[in-house]
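Please look over the sequence and the structure shown here before reading the briefing.

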Amino acid sequence: MKSSVERKPLTLAGAINEALSVMLEEDERVLLLGEDIGQNGGVFRVTEGLKDAFGEDRVIDTPLSEAGFVGAAIGMAANGLKPVVEIQFLGFIYPAYEQLMTHAVRLRSRTMGHFTVPLVIRAPYGAGVRAPEIHCDSTESIFTHMPGLKVVCPSSPYDAKGLMIAAIEDPDPVLFLEPMRQYRSSAEEVPEGKYTVEIGKGKTMLEGEDVTIIAWGAMVSVSMKAAESLLQENVSCEVIDLRTLSPIDEDLIASSVQKTGRTVIVQESHPQSSVANDVLSIINDTSFLYQKAPAAKVSGFDMPVPYFGYEDFYLPTPERVVQAVMDVVNF
Amino acid sequence: MTVIPGKERGRTMEKTYPIQQLLDPDGKWTSEELRSLLTEERTKSFYMNMVRIRTFDRKAISLQRQGRIGTYAPFEGQEASQVGSALCLLQDDWMFPTYRDHGAAMTFGHSLRNVLLFWNGRNEGNIPPNGLKIFPPGIPIATQIPHAAGAAFAEKRKGTKNAAIAFFGDGATSEGDFHEGLNFAAVFQSPVIFFNQNNQYAISVPLSKQMKTKTIAQKALAYDIPSLRIDGNDVYAVYHYVTQALERARAGNGPTLIEAVTWRYGAHTTADDPSKYRDQQESNLRREQFDPILRIEKCLKINGWYEEGWTQDIKQQAVEEIEQAVMEMEDFPAPDPAVLFDHVYKNPVPSLVKQKSYLMGLLGGNS
């Protein structure tokens, strides 16, 4: 232990800030780019204080130009820097879609490893904070459909810090989704200094016997609440936080589903062509004959994420998860 | 009624950005001030390099017709722009070509075999030799422009004197990435040359339908980037003005936009027929009057540097070099499907490990 002075628990936003700080300190190739991240410290204050600590050459306010600065970051990454780019909200990443899909994720395969793009894109995502329209998308499956990209989505401060450090050290491009609903919803003790959480590994948040609930991002805490209330109904839930959406931790899914025989997948994205469908496919491939009931999905709906006046109807709630679990148990 | 000024201003931009020329279409030197640039050695080097890439271009079209490579994008007519710009670069500079700029890439030092491999569907062809920093050709339009701005930004941060050059056509200047890339480079004063070859057609769409402006150079005004228009068929003008822009960049004075006005004689690619969208008489006329190689040949003659034997040797050498490259391309090892899976990520992910073993099993392989 480094010091006996008690550290304040960190929020998810604070943990990411600390991870960025650790890596800026350790590796001079690391630099941050994005809109309002320097002087203003980011609209969610995730980069607060970093410009003062590391200078405006390392923490760079860019023009309003998602395709431009993601494209420039690809050139930087191919030329030896390690850019960490903030997209202010995931709903604003679409101008950069082309740069990601046609360049960032395939420069390695186009050149058989001669040029590579060790780039991190950070994006707050998801609904539930009464944000304006387009600020609430959870279109993670657009990005899990990009071969060559890794997609990471922490739900806790500890994981956020460890995964961010792992993402910056990763030799390939990583999209780092930050559930904005969790930015300051809770705080926990997070180790000082550098540590990593392995990309591609999920985590069992709660062990149980009857049903496996698989979730990520803000849906982890929704699922945990559901699991708590189900305990009172004598239904024992195992809750898995996938933490990485590409590559998915197939072994963790299979081992849990083979144990419980029942699955509910909880996501806030639109159900069609979603990550939940990939989880279903993994269950089909690995654990079909272990199942005691068809696996269920609890999702948003196949509509654009609504204005916040309607978002409570759109977002999965603990009640909807409880309902799905009971349906699966009573199948 | 309020009159909004500017209606006429746009049209006068052709005068604001006159086309710079050092060697006129008759091969005569036009600038007293820059006369020392004109040397026998340099003229012969330009000639040799232009003949070399034109020979390659024609051979590649013929290989495509014979089914020995895939669809091919020819550049004949644009040799002065490509050779002049590539010869200014130093070993450690970055080049961001498009699919029509392999003439520049080969002049900079790309391997002819690899360029042919690229056109024959092999990504091995994207690996530049000798540590040269040549990006694989940009296929979507204009997306390489921000890459060049970023790579140049990184050079500046590392404290080097290296620069980057981005190639793109006239159509690319309608894309957002052109504007975002120029703006980014201007804000951060990145050492990058935005080298536009205005060949006046984007596949079938002529310049007049691509933009209202008469010049591309003027688009740099919006980003406070210095710019100029040059005769893209005058290899000396290209060489001189790109060299100047590189010097500015290396001295820390930021980006430059250069519009090289030129013409492609042939099709966009071997998959289209240009007579469908333009009068090919115009191409023939331009070939007769403004061809970049003819111009340098005239220059050699005017200055008494032309030797029939030497030009024949140059042409023969080009043919031999290219025949050799074709042979190497055709002798290149057959594609190994296993490598497809090995270069998606540095460290293989579980799904790809399974997919690889599935495909290799199907093929009866042992890897």
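The notes below take up the numbering, the domains, the chain contact and a helix pair.

This is a predicted model, in which local features need pLDDT of at least 70 and side-chain atom pairs count only at pLDDT 80 or more, while totals for chains, interfaces and linings use all residues. Residues are numbered from 1 along each chain as its sequence is written, and chains are lettered from A and ligands numbered from 1 in the order in which they are written.

**Domains of chain B**
- Chain B is assigned domain 1 (9-335) and domain 2 (336-367), with bounds that come from an automatic or database domain assignment.
- The C-alpha centres of domain 1 of chain B and domain 2 of chain B are 38 Å apart.

**Contact of chains A and B**
- Chain A contributes 34 residues and chain B 33 residues to the contact, where two residues are in contact if their C-beta atoms, placed from the backbone, lie within 7 Å.
- On the side of chain A that touches chain B, helix H3 (66-78), helix H4 (97-104) and helix H5 (107-110) of chain A each give two or more residues; helices are DSSP runs (H or I, at least four residues), numbered from the N terminus.
- H3(A) gives the most to that side, with 10 residues.

**Helix pair in chain B**
- Helix H6 (residues 144-158) of chain B and helix H7 (residues 176-188) of chain B pack at an angle of about 15°, with axes 7 Å apart; axes are lines fitted to C-alpha atoms over the stretch in contact, and angles run from 0 to 180 degrees between N-to-C directions.
- H6(B) is therefore roughly parallel to H7(B), a term for angles under 35 degrees.

Technical notes
Parallel < 35°, antiparallel > 145°, perpendicular 65-115°, else oblique.
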